[in-house]
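Here is a short note to read beside the structure. It goes point by point, from single contacts to the way the chains are related.

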Protein chains: 4
Amino acid sequence: MSLTQELRDTYQTLWQQMVTHPFVVEMGEGTLPVEKFRTYFLQDYVFVRDLVAMAAVGIAKAPSMLAASMLHQFLTGILNPENDLFVRAFAELGASEAEYTAASATPVTQAFGDFLVRTGLEGNFADIITILYVTEGTYLDWGTQLNAAGKQPSHPIYREWIALHSPPVLGAFVAWLGNYLDSAASGLQRPRIARIFHTALRYEYLFWEAAYHNALPWPDQ
Amino acid sequence: MSLTQELRDTYQTLWQQMVTHPFVVEMGEGTLPVEKFRTYFLQDYVFVRDLVAMAAVGIAKAPSMLAASMLHQFLTGILNPENDLFVRAFAELGASEAEYTAASATPVTQAFGDFLVRTGLEGNFADIITILYVTEGTYLDWGTQLNAAGKQPSHPIYREWIALHSPPVLGAFVAWLGNYLDSAASGLQRPRIARIFHTALRYEYLFWEAAYHNALPWPDQ
Amino acid sequence: MSLTQELRDTYQTLWQQMVTHPFVVEMGEGTLPVEKFRTYFLQDYVFVRDLVAMAAVGIAKAPSMLAASMLHQFLTGILNPENDLFVRAFAELGASEAEYTAASATPVTQAFGDFLVRTGLEGNFADIITILYVTEGTYLDWGTQLNAAGKQPSHPIYREWIALHSPPVLGAFVAWLGNYLDSAASGLQRPRIARIFHTALRYEYLFWEAAYHNALPWPDQ
Amino acid sequence: MSLTQELRDTYQTLWQQMVTHPFVVEMGEGTLPVEKFRTYFLQDYVFVRDLVAMAAVGIAKAPSMLAASMLHQFLTGILNPENDLFVRAFAELGASEAEYTAASATPVTQAFGDFLVRTGLEGNFADIITILYVTEGTYLDWGTQLNAAGKQPSHPIYREWIALHSPPVLGAFVAWLGNYLDSAASGLQRPRIARIFHTALRYEYLFWEAAYHNALPWPDQ
């Protein structure tokens, strides 16, 4: 069995809980309160800086120019068009530029971001690819489901967010990530890769949780 | 006002909550259930690896051999005698070697450790010193209080842990950390230092909380 | 006086020697022996991996998404079209794929590359920008001169290499780098920035020297 | 054959040239001009900061507390007593504190130091151990030879430097480094380890060369 299949099997319950989280289901139905999406999107805006940092370090640690190029292309999506999405989305969600640029990390966002950047700086290329496989793979999965089910919620940002995580946009990248891991598997330390996979998946789940329940604040908040 | 005084003033409520946490008070009284100390100590054993990693990177980033030497001496305390303390303590606390070497990070330990190593690798020397000022300064504070009040709980590990955080052991190091920050203050980015100080303090508080309430587990635990 | 002007003034002799090196002059005239260009280009192919690594770490350390985006765009030029240039160039220069993928660093290339990656990983964003200001600024300078003088050497690779370093291609990026440094100057440690600028400039000069004189080998070569 | 034996066999000519360099032989005989030792020692003083940085990062990346502790003990030798040696040595060698604290890296020292710190930050624990095996192993070898031959040059600093690199001082550490590499060998990328070993050995040889011939200056010196 391939490494990625083995990992997905081992953590299938949590993976399933992430990709079918009420946040996802209600976003697809259009019943998710805008306030929850707003909370989520402000944290995603904070988080994306650390995701960029980790992927950029991945370029630096890439074993080949082709591998570097794949991560570079991934960043193109974030550093160019998505930035525009943030601006438009916050306008529609009623978050002023002052608000979203001043947004600070909740505990989950802080912990997830620190985990990413630490792993990026301390780990090797496969460690970074493992995290991206979880972050992009889970998003591709819920996006694929909602797109396949033809979900067209009335809120334009929900629709755009769903379309952005469809197979045409993310499929090839996630496939490349998986192929990389599977082909590199024999040289990898399995327990370490499994721990990184598991931790990233836990944070993805908690990221929905924190936004959906508007919970998990800092102790002095 | 000095930088460290300013920081302690700004976050005095949380600092005070940390150094007078029920965990501390009950440890001094000897009424803290051993099970809670055991939970705490297993997590401290996991955490100390990341504390060592951050301090070691601090040696690498030190602006002078003297500064490098101060962090090196700090690590002497951890890499030599304290290791022995862990072994003795776990024997008394009834945690087998198999148990403590297999201990895995709770969410707070993971988040705190990732914050430390990320800041160590990404940040500069003052960032690292700021974190150590919080981790060692809070421990010196509660240790000073319990030692000054002559607390002598019957459990030998509690007594040793209290003695280990007394002014003779930690005082000079914490004073040096504070002096370094105060003398370097004019060249530092205050908001960044404040954010690092605040985050480290939050995690120190949460570290007691997690052990005391045996709460804050991972979502799939 | 701006920081960049001050730096260029301080090291103007060496800067001038770099941008008017016989390698440059003869490349413009078309009299540079192809063997020397081939030696140079094989080393540039080795070197570019470390340049990519440093710039990618720069994305990770960027103080803003805009700054990250500028370095990302710079990498687009290297990770996409220039890769193709290498392939075409080596075909014309008579270096087989086996030869150029197996090329190993000469002492200057090794030292320059290690300096870049070390500074990238250890330093801050301004350190990285300082190096790029030297590497791209010197190349823009000699490219601007040769382009302004209408140099059209008969060797197609020489022509393409000259065109690639013209103001339309590199000018805006170098201007942005300079503006960043000048606007950040008040918060920078001048002696450190000057040392980094000087070291990068020395290596750029030595890079031409090593190729032009086919000298400076390892002691056991 | 063990990994370290294989590496020493592959690069035995250069290793032998390093440990029997005229600088070493003449130091043992007491005929080495003090000026050459002074040049060497000023560069060693510059270099040792980067050696400390790399070894400290090694502590941070150590796979076990025991491994961390070994590097920590190695640094004790440098951060405490040897610092005193530098001060005493420079007094005897006629280098004022102003001179040795202002000493700047020659090209070889810069290149070697950048290689160390880059490898420390970018590489894994085995990469760092490989470099230390070369730097400490070559010094142990020449020290063992001179000590075994009973060399007692009249210059006290020469005598002390020879005694400092004797088996009682360095032997156990070098043996531990070798054992670590040999036991980790099956999980290591041989070509990468060989390249690191080779590069470190080249720099050790060049370090003697630069001091002995007072050559290899920067192009603008």
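**Notes on side-chain contacts and chain relations**

1. At 41% relative accessibility, D84(C) counts as partly exposed. The figure falls in the band between under 20%, which is buried, and over 50%, which is exposed. The model is a predicted one, and the values in this note should be read with that in mind.

2. What does the side chain of D84(C) meet in a salt bridge? Its partner is R88(C), with 3.1 Å from N to O. R88(C) is also partly exposed, its relative accessible area being 32%. Both residues belong to helix α5 (residues 65-93) of chain C, where D84(C) and R88(C) are four residues apart, or about one turn of the helix.

3. Chain A has a salt bridge between R88(A) and D84(A), at 3.1 Å from N to O. Here too the two residues are four apart in helix α5 (residues 65-93) of chain A, a separation of about one helical turn. R88(A) has a relative accessible area of 32% and is partly exposed. D84(A), at 40%, is partly exposed as well.

4. A salt bridge can also link separate helices. The side chains of D127(A) and R192(A) meet in one, at 2.7 Å from N to O. D127(A) is in helix α8 (residues 125-148) of chain A and R192(A) is in helix α11 (residues 190-213) of chain A, so this pair ties together parts that are 65 residues apart in sequence.

5. Is D127(A) buried or exposed? With a relative accessible area of 3%, D127(A) is buried.

6. Aromatic rings are the next topic. Over all chains, the count comes to 137 aromatic pairs. In one such pair, the ring centres of Y133(B) and F197(B) are 6.5 Å apart and the planes are at 35°, so the pair is tilted. Y133(B) lies in helix α8 (residues 125-148) of chain B and F197(B) in helix α11 (residues 190-213) of chain B, so the pair ties together parts that are 64 residues apart in sequence.

7. How accessible are these two rings' residues? Y133(B) is buried, at 5% relative accessibility. F197(B) is buried too, at 0%.

8. A charge can also sit over a ring. In chain B, the charged end of K36(B) sits over the ring of Y212(B), 3.8 Å from the ring centre. In chain D, K36(D) lies over the face of Y212(D), and the distance to the ring centre is again 3.8 Å.

9. The last point concerns whole chains. A rotation of 180°, with 0.0 Å of shift along its axis, superposes chain C on chain D with an RMSD of 0.0 Å. That is the relation of a two-fold axis. Of the interface residues of chain C, 100% are also interface residues in chain D, so the copies meet through the same surface.

Definitions and conventions
Residues numbered from 1 in each chain as written. Chains lettered and ligands numbered in written order. Predicted model: local features only at pLDDT ≥ 70, side-chain atom pairs only at ≥ 80, totals over all residues. Heavy atoms only, no water. Least-squares fit on C-alpha atoms with pLDDT ≥ 70 in both. Contact = heavy atoms within 4.5 Å. Salt bridge = Lys/Arg side-chain N within 4 Å of Asp/Glu carboxyl O. Buried < 20%, exposed > 50% of the residue type's maximum accessible area, 1.4 Å probe, protein only. Phe/Tyr/Trp six-rings, centres within 6.5 Å; stacked < 30°, edge-to-face > 60°. Lys NZ or Arg CZ within 6 Å of the ring centre and 35° of its normal.
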